[in-house]
Amino acid sequence: MFKVVALGSDHAGFRTKSFLASKLSELGLEVADVGVNSEEPADYPDIAAMVCRALLSGSADCGILVCGTGIGMSIAANKFPGIYASVCCDLEMARLARAHNNANVLALRGRGLPPEEAFEIAKVWLSTEFEGERHAIRLNKIESLERSFCKYNTSEDGKGRLVCIDHPLIQHKLSIVRNKETPVKEFRELVSEIAGLMVYEITRYLPLREVSLETPVAPARGYEIAGKKLLLVPILRAGLGMVEGITKIIPNVKVGHIGIYRDPRTLSPVEYYCKLPPDVAERDVFILDPMLATGGSACEAISIVKGRGGQRINLVSLIGAPEGIERVFSQHPDVTIYVAAVDSHLNDHGYIVPGLGDAGDRLFGTK
C-alpha cells in the first residue's frame, strides 16, 4: 500500500527515528528521512512541516513523526490541510487510526516507548487498510469542516485544490492592475511583481532536507529544497508576463513554452507550439496564464504537458472565473489551481467580470 515514508523527529525522538529508518528499509519501504540528524535541540514544528510538505507534494505516501510525546508533532502536522495525524501509543490505536480514521501521518513518542515497540506500532499502522463505509461518511464531514475554515479548497471529487492567495500586497497590486487607466509599462511591471509574490505560496509544499553549515559564529543546521525540479510553462502570449517575476525568485528554474490559439470556426483550442524539457515527468510543473476564463486554453495546456509525461501539474493565474475553475477540475481533477482572486462570472464574450480585460493586449500594448 504505502511505498514511500517521510520520516522525521526532533531531538527527543532522534534515537527512535534512527531505529525506524533502518527497520522500515528492511521492510522494503523507501524512507525519506528529513532529519534531525543528532540530539541537538530542534523545534518539532519545523520537522512536522517538512514531512507534511513531502506528502502534499506527492513525493511521499505517508509520514511518521517522533517527538517526546508525539503530541506536539501531531498538533503541528494537523495544521496542514489534507494531513490527518494521529498519536498512537499501542497496536490497537495504530490499527484503528488507519482502519477508522485513514490517518496519513503516524505520531510516536520518543520518551518512554522503546524503539522496538515503536517499530511494532509502525508496522501495524503501515499494514492496515482503511475500512471505508460508515467511516468514510465521517471523514467526508471532517473534510467539509476543513474546507469551511481554510482557504485551501478541494474540488468536489476531493483531488484538486483551489488556493486563493489573499495577501494584502497582492490584493493592492491586483487592484491597480484592474484599473483601465493603468499604462502598459506599469501594468507589465505589476503582473510580474504579483507573480513573484505568488511564488511564496505556490512553492509552499516543496520538501526540504536538513544540511549542516558553518555561520561566522558557530556550526548550525539549515535546510535546502530536497532535489525538486521546477518547470515554468507560460501559455503564449499572456503567460510570458508572469515569467520574470518568478525567475527573479527562483533563478535556476527551467522555462518551457506552449502556444495555443482558438480556432475561429470551432472555437476549440489548437496547439501551434510546444517546447518542454525531456525530463518533464520528473518536474513540478507550473503552467502560467494570467486569466483563467473559460478554461479551454488551460485544459489544453495541461493535456499537452500530461501527454509529454508531466505528472505533478499546477495552474497559476492572477484571476479565475468560476466557469474556468470548474472546467479545469472536471477535466483535470488532480491539478492544483493558484489564483489571487476569483471573480463573479464570464460575460457573453468570454471575458471575466469584473476581471481586467484582455491580459495579452494590456501587457503588450496591442489594443
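A residue counts as buried when its relative accessible area is under 20%. The model examined here is predicted. By the cut-off above, R283 is buried, because its relative accessibility is 7%. D279 has a relative accessibility of 16% and is therefore buried as well. The two side chains meet in a salt bridge, with an N to O distance of 2.9 Å.

In total, 18 salt bridges were counted. Side chains of opposite charge can pair when their charged atoms come close. E201 is buried at 8% relative accessible area, whereas R204 is partly exposed at 35%.

A further bridge links E120 to K123, with 3.5 Å between the closest N and O atoms. Both residues sit in helix α5, which spans residues 115-127. They are 3 residues apart, about one turn of the helix. E120 has 36% relative accessibility and so counts as partly exposed. K123 is also partly exposed, at 30%.

Y272 lies in strand β13, residues 269-275. Its relative accessibility is 46%, so Y272 counts as partly exposed.

Notes
Residues are numbered from 1 along each chain as its sequence is written. This is a predicted model: local features need pLDDT of at least 70, side-chain atom pairs count only at pLDDT 80 or more; totals for chains, interfaces and linings use all residues. Side-chain values use heavy atoms; hydrogens and water are left out. Helices (H or I, at least four residues) and strands (E, at least two) are DSSP runs, numbered from the N terminus. Buried means under 20% relative accessible area, exposed over 50%, partly exposed in between (1.4 Å probe, protein chains only). A salt bridge is a side-chain nitrogen of Lys or Arg within 4 Å of a carboxyl oxygen of Asp or Glu.
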